[in-house]
Amino acid sequence: MLRFVLRRLLQMCVVVLVLSMLLFAWLRSLPGGPVSAILGERQTPERRAALEAALGLDQPLPVQYQKFLQRVVQGDFGVSTKVLPGEDALDVFFTRLPATIELAVLALLLAIVIGIPLGYFAARRAGSAVDTTTVIFSLIGVAVPVFFTAFLLKYFFAVEWNLLPVSGRQTTGIDATRVTGLFVLDGILTREWDAAWDALKHLILPALALATIPFAVIFRITRASVLDVLDEDYVRTAEAKGLSTAVIRSRHVLRNAMLPVLTTIGLQAGGLLAGAVLTETVFSYRGVGEALATSFREKDYAVLQVLILAAAVIYVVINLLVDIAYALIDPRIRTR
Amino acid sequence: MSPKRTLATWTTALLAVATLASCADSERDGGDGEGGGSEDAGTFIFGAAGAPEMFDPYYATDGETFRITRQMFEGLLGIEPGSAEVVPELATEWTPNEEGTEWTFTLRDDVTFHDGEPFNAEAVCANFERMFDQNEAGQVAAEYWGYVMGAYANDPENSLYQGCEATDEFEVVITISGPTSGFPTMLTLESLSMQSPKALEEGDANGIAAEGEGFSFPAYADAPVGTGPFTFGEFDEANGEITLERNDDYWGDTAKVSEIVFRVIPDESTRRQELEAGSINGYDLPNPVDWAGLEEDGNSVEVRDPFNILYLGLNPEANPKLKDLKVRQALYHALNREQLVQTQLPEGAAVATQFMPDTVSGYNTSLEPYAYDPDEAKRLLAEAGAEGMTLEFAYPTEVTRPYMPDPEKIYEALRTDLEAVGINVKVVTASWNGGYLDNVSGEPGKYDAYILGWTGDYDSAHNFIGTFFGNLKDNDFGTDVMPWGKQLADDLKAADAIVDEAERGAAFEEINRQIMEEYLPGLPISHSPPALVVGPGVEGVIPSPLTAEEFDTVTVGGE
Amino acid sequence: MSDPTEPAVAEDTRRPSYGQRRRDRIDALAQAGAVDDTPGVSLIRGAWLRLRRNPVFLTGATITLCFVVLAIIAPWIAPWDVTARPLLDEVRPQSNPVPGPQPGHPLGGDDRGRDLLSRLIVGSRQTLIVGVFATLFGLIGGVILGTIAGAVGGGVDSLVMRIVDVMLSIPSLLLAFTIASLARSPSQWTLIVSIAIIQIPIFARLLRGSMLAQRSSDHVLAARSLGVKRRAIVFRHMLPNSIGPVIVQATLSLAVAIIDAAALSFLGLGNPDQRQPEWGQMLGLAQRYISEAPHLAFYPAGCIIVVALGFTLMGESLREALDPKTRR
């Protein structure tokens with residue numbers, strides 16, 4: 001087990017290093033860049049050259065990359081030029097991360113709470129009209145672009161009916177104490193219930209929009225997996241033994257069907273990140289996804305690099321955790 | 001804050017009469033809103049499009065930053081609210097010597113900085129010396145100083161600024177290398193505001209460093225100290241909010257609101273929705289399409305006088321056919337600018353007859369706009385032997401500017417007109433930061449034609465046409481390959497150095513005539529009024545053509 | 001089971017790792033083509049018999065058919081030229097940003113006075129082109145990679161599959177976003193290519209899995225024992241028999257391509273040239289009018305959703321029909 005984890009961690013380091021190199025070279029080969037973003041209409045070749053020289057952008061790429069690595073070793077990932085100018089890019093990431101964690105966790109929770117029971121329900125009645133309807137419904141969820149779902153939710157719930165806030169993370173004027181950066185948790189920890197409630201209200205719509213991605217997958221996997229398990233010999237045996245339905249469901253069907261579902265949930269992380277770029281943009285929600293979109297648009301290379309690398313690291317770590325969890329649940333894997 | 005607050009929150013939760021959000025507000029305002037029910041009196045919340053760079057206006061370059069620092073800082077000279085006119089601010093009067101090289105400023109004697117330091121002649125000179133004496137990174141970062149003054153302490157020969165001398169406690173003399181129309185008007189620039197010398201010193205204000213692809217700013221940039229009606233509160237990065245508090249010891253009329261909050265909302269349609277939801281009190285540059293709807297909903301759209309120019313730039317270096325005046329005139333006649341202005345630009349926009357708006361001295365009122373005449377365009381093209389010429393015509397994406405609310409739409413209109421007279425337009429595009437500006441201002445520029453514009457920094461003809469054509473070698477119009485390019489640059493320099501205002505105005509008028517009738521280096525399209533919008537109950541916003549609104553006169557009423 | 005690559009497959013399918021879920025789906029589909037000993041005809045015929053009675057499939061197929069027909073005849077039935085601006089004089093940025101419905105223009109115009117209905121109709125063609133070419137390029141890339149891996153086997157196979165798995169492990173939209181913003185200036189083709197690239201690993205894995213499954217099937221073994229050359233086996237027996245799963249995947253990919261194209265356009269990475277309207281592009285442009293003229297966004301969005309749903313319904317029911325597990 002330990003060897004397995006270590007090997008995976010080593011692999012991860014190699015992947016991230018290679019990725020950072022590719023990213024570095026690629027970003028700098030693009031036209032435009034931070035210099036254009038800073039100078040605007042005032043740009044002349046002379047000013048451009050001066051700024052490039054000051055920022056070290058005129059040096060050959062390998063030299064720039066070497067300097068970058070040297071700084072990274074000292075924990076300095078470069079300075080943001082547009083997302084949060086003057087701030088260390090890693091700090092930008094850490095400021096934004098709690099927002100996205102909050103959003104992703106809530107979205108995943110929503111997807112699980114709705115997806116698993118619905119999938120189970122559909123599987124129990126496989127082939128019925130209810131089943132077909134829910135399946136088609138989940139496919140509609142796939143066919144509607146996430147940003148459009150977000151638009152609709154915002155348009156109706158926030159703008160037309162004024163039920164929930166339009167954008168952001170917390171209403172201006174709420175005097176909240178920041179502890180972890182997870183606004184809802186902060187509010188609970190400091191017992192500032194109004195702040196927690198307000199932050200939660202800001203989360204609902206983006207989380208709903210984002211939840212459509214994992215929901216469709218979780219629903220389908222649960223359904224398929226429950227269908228498989230229902231067909232397994234041990235369930236039939238249990239039925240034949242005359243065990244009560246409740247026991248069969250909880251002890252045999254659900255537990256065994258959950259294994260693939262669990263994997264799926266872990267693997268949704270990547271999809272959630274991609275969805276977060278779109279959702280957070282629509283809701284001007286200050287998370288990592290919005291920072292990613294902004295840094296792309298404004299050519300904030302330092303932030304962009306950190307965000308993409310961090311996304312890769314998080315993604316790999318989550319997969320690793322899922323693998324470990326999987327190994328713990330399924331002893332067959334442990335022995336291999 | 002925590003224990004007291006928690007108790008208070010519990011109490012309010014128990015009472016549970018008003019909504020939770022308003023409770024928090026009334027508490028924080030220390031009584032302002034108490035008993036008033038759900039009103040937000042005392043706080044003006046403004047939706048900003050982006051995060052500020054930092055809070056030291058000297059190094060700042062973008063409007064989002066200036067909008068915030070403008071509330072905290074003042075310059076020697078100010079701008080009359082609602083116009084571009086120069087008025088006294090921290091200096092009450094100023095007089096030049098005969099050559100226009102030594103300027104004596106009389107200062108206000110009743111001003112203190114937010115940190116209690118006195119504002120006097122020494123403080124002024126300390127500020128100028130600080131701005132003049134920059135390290136390598138600072139010289140590049142301080143764009144506006146570089147732009148108006150040309151150089152720094154390590155290269156005094158090329159600097160417009162030559163020195164500052166405190167001749168009395170409240171009198172300074174600033175020496176410049178030669179007369180220019182830009183001085184002292186440039187002292188209205190937000191970047192050249194007065195800051196507390198003590199705070200500058202303590203916060204190591206000049207300790208800027210280039211690091212990787214960006215600048216890292218010293219501690220001072222996060223704790224600025226000025227003389228203005230508001231003082232710096234805090235920047236809540238996680239929630240994207242900047243809070244400024246009222247300066248109760250302000251030398252003039254104290255601000256009407258006790259607090260301004262700038263909330264960062266990058267998406268434009270979201271800003272509008274937030275305004276409608278009542279969670280912000282205003283935002284800048286509403287989409288012209290939304291103006292009518294916003295007004296209907298009880299908001300007021302404050303339209304500024306246009307102080308900008310949109311033009312179609314031509315680059316004879318990239319396409320030699322454009323060297324022919326007839327071709328350039330043909331292109332101009334082909335454009336139906338009247339229709340463009342009416343159908344694509346907001347109300348109050350106007351067809352341009354020259355490269356500057358009419359409020360700037362030096363504007364030539366006798367110039368007539370080139371008429372829309374496709375037949376004449378075709379005739380001129382035929383005459384020049386350029387029928388069916390190919391034109392690589394570019395526009396930027398991912399940007400809106402006050403002079404072009406929607407570049408793509410303006411481009412489409414122009415392109416259709418050009419194609420109608422038989423020009424073969426090759427559509428090129430790049431994102432604003434992603435190569436467009438590089439390609440336009442490269443040497444040589446890459447596009448045959450492009451759309452671009454300019455918003456004036458201050459009331460000066462040289463700030464417009466001088467920027468466009470004054471630098472012969474590096475300009476976007478490739479005038480260095482035209483026979484008249486050098487003449488134009490020299491004329492501009494000469495006109496700029498005229499001390500007498502009337503004489504100078506006349507010289508610029510003549511240059512404007514030549515530019516439009518004899519040279520036509522590019523095609524001025526339009527002036528477009530940028531607006532800002534405030535919600536119901538907000539009064540006292542005075543729209544400024546320079547987009548330099550000060551919010552100390554703003555009041556926020558209840559719903 | 002003497003195939004050297006076989007253990008790798010077993011390991012892959014049992015231990016979850018990055019992109020496992022996507023891989024499992026692909027692999028399950030890959031098996032579908034190779035189960036029958038007389039593959040091809042009877043399998044497809046059997047599937048067809050089941051599909052004919054499946055309402056989900058019929059709905060999807062009808063939508064898809066209407067869409068394709070519309071896309072083909074679009075220029076002839078669109079009442080107006082898509083670049084003409086017949087309603088331009090009615091456009092006033094403040095009072096009337098978007099001309100409303102009127103005789104001759106049942107849906108009104110867009111912000112430039114162009115006929116909205118015509119642009120929607122003609123937009124179907126560009127949307128189809130983006131979807132088809134993105135899928136086609138992805139398919140070609142996938143066929144090349146998958147065939148090499150599946151046919152050669154050994155070290156080449158491992159290497160190719162490693163690359164494919166890494167690509168599969170990156171969230172597809174994020175990858176497309178990254179590739180599209182790599183382009184010097186966005187165009188229809190950068191859009192197509194960036195979406196095509198995220199399809200390549202899917203098709204590659206599908207084909208390779210399908211070919212591996214056939215490799216041990218009786219007819220390939222028979223052909224091999226008869227001394228038929230490897231190339232001939234690959235091209236005459238293995239590739240044609242993989243067609244079924246590929247068609248299913250292509251149908252699903254079309255839906256994904258259309259949705260992803262819309263998402264990229266929304267983020268400003270779509271085709272900027274409006275002479276060729278495309279639904280994703282129209283939706284992206286409508287953002288600015290979301291408050292005053294939401295219908296500008298709703299029409300193209302509705303079209304995208306319906307068409308994507310059509311492809312998805314069809315693809316999913318095809319998959320089920322081909323999947324031996326659900327064929328009980």
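What follows is a walk through a predicted model, from its confidence to its contacts, cores and a couple of local details. Residue numbers start from 1 along each chain as its sequence is written, and chains are lettered from A in the order in which they are written. Since the model is predicted, local features need pLDDT of at least 70 and side-chain atom pairs count only at pLDDT 80 or more, while totals for chains, interfaces and linings use all residues.

Let's start with confidence. pLDDT is the predictor's confidence in each residue, from 0 to 100. Chain A averages 80, with 92% of its residues scoring at least 70. Where pLDDT is low, the predicted coordinates should not be read in detail.

Now for how the chains meet. Two residues are in contact if their C-beta atoms, placed from the backbone, lie within 7 Å. By that rule, 63 residues from chain A meet 63 residues from chain B. Several helices of chain A give two or more residues to this side, including H2 (34-39), H7 (146-160) and H9 (193-231). Helices here are DSSP runs (H or I, at least four residues), strands are too (E, at least two), and both are numbered from the N terminus. H3(A) gives the most, with 6 residues. By class, the chain A side splits into 25 nonpolar, 23 polar and 15 charged residues. For these classes, Ala, Val, Leu, Ile, Met, Phe, Trp, Tyr, Cys and Pro count as nonpolar, Asp, Glu, Lys and Arg as charged, and the others, Gly among them, as polar.

Chain C touches chain B too: 21 residues of chain C are in contact with 24 residues of chain B. The chain C side has 7 nonpolar, 7 polar and 7 charged residues. Chain C itself has 13 helices and 0 strands. Buried residues (20 or more other C-beta atoms within 10 Å of their own, with C-beta atoms placed from the backbone) make up 54% of its 328 residues. Among its contacts between residues at least 6 apart in sequence, 74% join residues at least 24 apart.

On to the cores. A nonpolar core is a set of buried Ala, Val, Leu, Ile, Met, Phe, Trp, Tyr and Cys residues joined through C-beta atoms within 7 Å. The largest has 268 residues, and those with the most contacts inside it are Val306(A), Leu307(A), Ile258(C), Ile304(C) and Ala308(C). H9(A) gives the most to this core, with 19 residues. Leaving aside neighbours within four places in sequence, the contacts of Ile304(C) include Pro145(A), Trp279(C) and Leu283(C). A second, separate core of 67 residues includes Leu314(B), Phe393(B), Ile410(B) and Leu414(B).

H7(A) deserves a look of its own. Its 15 residues reach 20 Å from first C-alpha to last, close to the 21 Å expected at 1.5 Å a residue, where the expected span is 1.5 Å times one less than the number of residues. There is a kink of about 25° centred on Lys154(A), taken as the angle between axes fitted to the seven residues ending there and the seven starting there. Lys154(A) is also among the buried residues of H7(A), as are Phe147(A) and Phe151(A). After the helix comes Asn162(A), with a positive phi near 55°.

Last stop: Leu546(B), in the loop between strands E22 (538-539) and E23 (555-556) of chain B. Leu546(B) counts as buried because 21 other C-beta atoms lie within 10 Å. Beyond neighbours within four places in sequence, Leu546(B) is in contact with Ile79(B), Ala84(B), Phe307(B) and Gly456(B).

How values were computed:
A residue is buried if 20 or more other C-beta atoms lie within 10 Å of its own, exposed if 12 or fewer, and partly exposed in between; C-beta atoms are placed from the backbone.
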